[in-house]
Amino acid sequence: MRTPIMQNMRTLATQMRLRRTTMTFRDRLERVREDPSDRDCALAARSALLKDLAALREIWELEAQVPGGLEPLLEGHFHVSLARLEALAAQIAQPGVGLARLGVDFLGVAVPLSFYLRGLEQVGDEHLFRTGSRLARSA
């Protein structure tokens with residue numbers, strides 16, 4: 001008998017993209033910390049992060065496409081968190097920005113968002129979607 005390991009992976013690609021973005025953030029932040037006066041490095045960091053976040057938004061939009069859509073509060077939480085991450089990513093290129101604080105703030109949004117996405121896997125459809133819609137579960 002075959003038992004599916006992951007029965008409800010509604011947001012797997014979004015979770016993976018968020019993890020990648022978080023790793024990119026940590027890597028780029030460390031590079032900027034090594035030489036805060038290197039403007040090109042800071043601008044490249046901002047560009048890479050905003051590109052990753054745009055890809056995160058795109059993946060979410062694909063995974064959240066269901067007839068009727070997600071409940072507005074669930075959909076809204078993701079978008080508010082993503083907007084905050086985008087604002088924080090843009091700050092990495094600002095001269096004089098507190099890099100330590102920026103790191104704490106970015107991870108303070110990204111980590112709970114990852115738990116939120118994982119939590120979407122654990123709840124029943126009746127709590128996720130507007131009446132009459134279902135999101136297909138993938139194995």
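These are my notebook entries on a predicted model of one protein chain.

**Ground rules.** I number residues from 1 along each chain as its sequence is written. Since this is a predicted model, local features need pLDDT of at least 70 and side-chain atom pairs count only at pLDDT 80 or more, while totals for chains, interfaces and linings use all residues; side-chain values use heavy atoms, with hydrogens and water left out.

**Entry 1: the overall layout.** I looked up the fold and found five helices and zero strands in the protein chain. Along the sequence the pattern reads α-α-α-α-α. Here helices (H or I, at least four residues) and strands (E, at least two) are DSSP runs, numbered from the N terminus. The chain has 139 residues, and 40% of them count as buried. Buried means under 20% relative accessible area, exposed over 50%, and partly exposed in between, using a 1.4 Å probe and protein chains only.

**Entry 2: helix lengths.** I compared end-to-end distances with the expected span, which is 1.5 Å times one less than the number of residues. Helix 1 has 23 residues that should span 33 Å, and its end C-alpha atoms are 33 Å apart, which agrees. Helix 4, with 22 residues, reaches 32 Å, close to the 32 Å expected.

**Entry 3: aromatic pairs.** How many aromatic pairs does the whole structure hold? My search found two. Rings of Phe, Tyr and Trp (its six-membered ring) pair if their centres lie within 6.5 Å; planes under 30 degrees apart count as stacked, over 60 as edge-to-face and the rest as tilted.

Phe25 and Phe106 are stacked, at 3.9 Å centre to centre with 10° between the planes. Phe25 belongs to helix 1 and Phe106 to helix 4, so this pair ties together parts 81 residues apart in sequence. Both Phe25 and Phe106 are buried.

Trp60 and Phe78 are also stacked, at 4.2 Å and 15°. Trp60 sits in helix 2 (residues 39-63) and Phe78 in helix 3 (residues 72-91), so the pair ties together parts 18 residues apart in sequence. Trp60 is buried at 1% relative accessible area, and Phe78 is buried at 0%.

**Entry 4: helix 2 up close.** At the start of helix 2, a side-chain oxygen of Asp38 comes within 3.2 Å of the backbone nitrogen of Asp40. The buried residues of helix 2 include Asp52, Trp60 and Glu63. I also checked Arg20, which lies in helix 1. Is Arg20 buried or partly exposed? Arg20 counts as partly exposed, because its relative accessibility is 44%. Arg20 and Asp52 are 32 residues apart in sequence and 8.0 Å apart in space, C-alpha to C-alpha.

**Entry 5: the largest pocket.** On a 1 Å grid over the protein atoms alone, a pocket is an open set of points where a 1.4 Å probe fits, with protein on both sides within 12 Å along at least five of seven lines; lining residues have an atom within 4 Å of a point. The largest pocket has a volume of about 170 Å³, that volume being the space filled by probe spheres set on the points. Which helices each supply at least two residues of its lining? They are helix 1 (12-34) and helix 4 (99-120). Among the lining residues are Gln15, Leu18, Thr22, Ala110 and Phe115. Gln15, Leu18 and Thr22 are also among the buried residues of helix 1, and Ala110 is one of the buried residues of helix 4.

Methods. A polar contact is a pair of N or O atoms within 3.5 Å; within protein, one must be able to donate a hydrogen and the other to accept it, and residues adjacent in sequence count only if both atoms are side-chain atoms.
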